[in-house]
Each structure stands twice: as structure tokens, then as C-alpha cells.
Amino acid sequence: GGKRALVPLEDPMALVHWWYWPSSYDEWMLACDVAGEQESHPPARPKGGPWVVGCKFIRDVENFNEWGLEADYAIVDYARKVSYYTKLEEKQKAEAKLAKKEARNFIIEGGKQQST
């Protein structure tokens, strides 16, 4: 996985966290050997609730026999995604209900098509 520097890279050393690896695998490296963009701290815990993580988190907990860093597995914009799929499901249900009603009317009318 990628890496995330946990201390400023201006220092002679950088504490590096490897994404999708438990914090026990974090290591100090020379800052000049750390490539990529620096993150001074992991993403903040979501306000008012628990972390929402992908299933890879559970698999990695089992593989490492150790709890990982939730921020590595966080599902970004979870509430927005849930809202989108909830609205999509409601729309699909409404369309299915309308199609069912139209089919029922078609059968009741003996298969005649309505002229417009």
C-alpha cells in the first residue's frame, strides 16, 4: 500500500504509516527518503458517530491479528452515498409500481392500446 508521513517532512526523520497496515508497522525513515505528499495527521473521526469502513478492514484485522487504523479504510462521503442510493431505490420502486399499474390496466382493457 501507499504511505502517509505522520510528522512534518522538514524534520530529519519522518514517521511513516503504511496504508492498510496496522500502526505497529509504522517506521521512522529519513525524511529525504519519503516520496509523495505529506499528511500531517490522519483524517478526523466522523462527527457524531462511528467510523464507516470497507470490508477490507475486517479481512486485514484477521490477517494481521491486530486492529488497523480506521482512517485507512474509511468510506469517504458515506452519508452522501447512502442518500444517493436511497433516492435511487425509491425512484426505481416508483417506476416499477407505475409499470405494474400500466400492465394491469393493459390486461384489464383486454390488451387494447390507448390512442393518444
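Analyst: Happy to! One term to begin with: helices (H or I, at least four residues) and strands (E, at least two) are DSSP runs, numbered from the N terminus. Keep in mind that this is a predicted model.

User: Great. In what order do the elements run from the N terminus on?

Analyst: The order along the protein chain is β-β-β-α-α-α, starting at the N terminus.

User: OK, on to charges. How many salt bridges are there?

Analyst: The count comes to two salt bridges. One joins the side chains of K56 and D60, at 3.0 Å from N to O. The other is between K93 and E89, with an N to O distance of 3.9 Å.

User: Where do K56 and D60 lie?

Analyst: Both are in helix 1, which covers residues 56-64. K56 and D60 are four residues apart, about one turn of the helix.

User: Is D60 buried or exposed?

Analyst: D60 counts as buried, because its relative accessibility is 8% and the cut-off for buried is under 20%.

User: Nice. Which residues make the nonpolar surface patch?

Analyst: M13, W28 and L30 make it, and the patch is about 310 Å². M13 sits in strand 2, residues 13-18, and counts as partly exposed with 33% relative accessibility.

User: Switching to aromatics. How many aromatic pairs does the structure hold?

Analyst: It holds seven aromatic pairs. One of them is Y20 with Y73, an edge-to-face pair with 5.1 Å centre to centre and 70° between the planes. This pair links distant parts of the chain, since Y20 and Y73 are 53 residues apart. Y20 is in the loop between strand 2 and strand 3 (27-30), and Y73 is in helix 2, residues 70-73.

User: Are those two buried or exposed?

Analyst: Y20 counts as partly exposed at 29% relative accessibility. Y73 counts as buried at 7%.

User: Why is the pair of F57 and Y73 edge-to-face?

Analyst: The planes of F57 and Y73 are at 80°, with the ring centres 5.1 Å apart, so the pair is edge-to-face. The cut-off for that label is over 60 degrees. This pair also links distant parts of the chain, with F57 in helix 1 and Y73 in helix 2, 16 residues apart. F57 is buried, with a relative accessible area of 4%.

User: Which residues do the ring pairs link into a cluster?

Analyst: The cluster contains W19, Y20, F57, W67 and Y73.

User: Y20 again! What is its phi?

Analyst: Y20 has a positive phi of about 65°, although it is not a glycine. For background, most residues other than glycine have a negative phi. N65 is another non-glycine with a positive phi, at about 55°.

User: Where is N65, then?

Analyst: N65 is in the loop between helix 1 and helix 2. This residue is exposed, with a relative accessible area of 71%.

User: Last one: where is D77 found, and how far is it from V52 in space?

Analyst: D77 is found in the loop between helix 2 and helix 3. D77 is partly exposed, with a relative accessible area of 42%. From C-alpha to C-alpha, D77 and V52 are 9.7 Å apart in space, and in sequence they are 25 residues apart.

Terms used:
Residues are numbered from 1 along each chain as its sequence is written. Side-chain values use heavy atoms; hydrogens and water are left out. A salt bridge is a side-chain nitrogen of Lys or Arg within 4 Å of a carboxyl oxygen of Asp or Glu. Buried means under 20% relative accessible area, exposed over 50%, partly exposed in between (1.4 Å probe, protein chains only). Patches are made of residues with over 30% relative accessible area and no salt bridge: like charges are joined within 9 Å, nonpolar side chains (Val, Leu, Ile, Met, Phe, Trp, Tyr) within 5 Å. Accessible areas come from the Shrake-Rupley method with a 1.4 Å probe; for residues, only the protein chains shown count as cover. Rings of Phe, Tyr and Trp (its six-membered ring) pair if their centres lie within 6.5 Å; planes under 30 degrees apart count as stacked, over 60 as edge-to-face and the rest as tilted.
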